[in-house]
Amino acid sequence: MPIYLLSALLHLYVGWRILPALGAWPLAQALLGLVLVASTVLLPLGLMARRHVRGPWADRLAWAGLVGMGLFSSLFVLTVLRDVALLLAVIAFAWRPAALPVAALTTWSAVAVPLLAALATAVGFWNARRTAAVVRGDVPIARLPAALHGFTVAQITDVHVGPTIRRGYLQAIVARVNALGADMVAITGDLVDGKVSELAAHVAPLSQLRSRHGSFFVTGNHEYYSGAQAWMAELRRLGVRVLLNEHVVLDHAGPHGSAALLVAGVADYTAHHFDPAHKSDPQAALRGAPAHARVRLLLAHQPRSAMAAADAGFDLQLSGHTHGGQFWPWNHFVRLQQPLAAGLHKLKDLWVYTSRGTGYWGPPKRFGAPSEITLVRLVPAWAARRHGGPQPGLGQPRP
């Protein structure tokens, strides 16, 4: 009930501010009014459909509600910005109010709000539903053995298989990852939004992932909403290695001999709130690590694990979680909660790469924060300096 009440109040605000200004276009006014009424009802169902409805109708209601959520987000933000702009215009013309074309400004700004919201939602929908593009880049690693020069990691994260992301969507991601011919695949959490009994068939394409050293998975916060233990067991059944505060050592043979790469994984940063035994611990993930595995890679869902990872002595951390904000304007606010919101950063001696995610959560909408499949290539620090530092494809590092 509180969610429905909040939804109704926000929709009332948009209707109050926009609908009267569309009086010259009764049809557009009526259409937007119907959209707002439908959105008021459907928007909460986008998140709660499966609690109330079973079968195909649950997915249909979820689709309608989540698309409506994406549209209403833009409508609400643009309405607020319109009000701010109108207020600033009034202040700017306070000394000469007769020169301000109030009627025209009020009318045409009201027309612009739903048009721009619809355009942003359509473009965002296309961006979200297409298969993620590949983002490639080099990360310089100090003391990198010659045998590991050029070692590649394909990272997928935050796919969020659920009501609107199904088997075909994941199948296309798997095909694109396999085409990269990576040395290993990292799946850094938030793979699912639902139980194994509901989504096992839709996650099954992960068994087709192919790389030289295999696929590795760490839990995200959404796994704990969906039954983390059951999902870890299912991923193991699919041939994916789950790393829960532990590590493996990969013996990699290259053109210049062989070398060991330590790949560790930690549970989600907030996992201890759901299962105290899963408390994220980069130090524990290194316990028993052999001395000859000098290069250390950590898979951690949230970039907030980076400080502990740097103290533990890791060289590179691959994370997700933030979605890069997913769509405007939230891509500008996500840094308030996650300082390492997207791209490549440096924290002490640790490189941290935060992916914008391979799928999406909630509204099928990506606008200003495109999805990605990341292909990271390890190179010696001297090679990166020769070529001007890390490649721009992974973003500019920030100290």
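Two packed helices are described by the angle between their axes and the distance between the axes. Keep that in mind for the helix pair below, and remember that we're looking at a predicted model here.

**The helix pair**

Helix α6, residues 196-203, packs against helix α8, residues 228-237, at an angle of about 30 degrees, and their axes are 11 Å apart. Angles under 35 degrees count as roughly parallel, so α6 is roughly parallel to α8. As for handedness, the crossing of α6 and α8 is right-handed.

Which residues of α6 and α8 make the contact? On the α6 side they are V196, L199, A200 and V203, while α8 brings in A230, W231, E234 and L235. Sorted by class, the contact of α6 with α8 has 7 nonpolar and 1 charged residues, with no polar ones.

**The sheet**

Now for the strands. Strands of a sheet pair through backbone hydrogen bonds, either parallel or antiparallel. This model has an open sheet of 6 strands with mixed pairing, and the order runs β6-β7-β8-β9-β11-β10. Both β6 and β10 stand at the edges with a single partner strand each, so one side of each is left without a neighbour in the sheet. From one strand to the next, the twist averages 25 degrees.

Here are some of the strands with their residue ranges:

| Strand | Residues |
|---|---|
| β6 | residues 246-254 |
| β8 | residues 295-299 |
| β9 | residues 316-319 |
| β10 | residues 343-347 |

Inside the sheet, β8 and β9 pair in the parallel sense over 3 bridges.

Note on methods. Residues are numbered from 1 along each chain as its sequence is written. This is a predicted model: local features need pLDDT of at least 70, side-chain atom pairs count only at pLDDT 80 or more; totals for chains, interfaces and linings use all residues. Side-chain values use heavy atoms; hydrogens and water are left out. Axes are lines fitted to C-alpha atoms, for helices over the stretch in contact, and angles run from 0 to 180 degrees between N-to-C directions. Helices (H or I, at least four residues) and strands (E, at least two) are DSSP runs, numbered from the N terminus. Angles under 35 degrees count as roughly parallel, over 145 as roughly antiparallel, 65 to 115 as roughly perpendicular and the rest as oblique. A crossing is left-handed if the near helix is turned anticlockwise from the far one by less than a right angle, and right-handed if clockwise. Contact means heavy atoms within 4.5 Å. Ala, Val, Leu, Ile, Met, Phe, Trp, Tyr, Cys and Pro count as nonpolar, Asp, Glu, Lys and Arg as charged, and the others, Gly among them, as polar. Two strands pair if DSSP finds at least two bridges between them.
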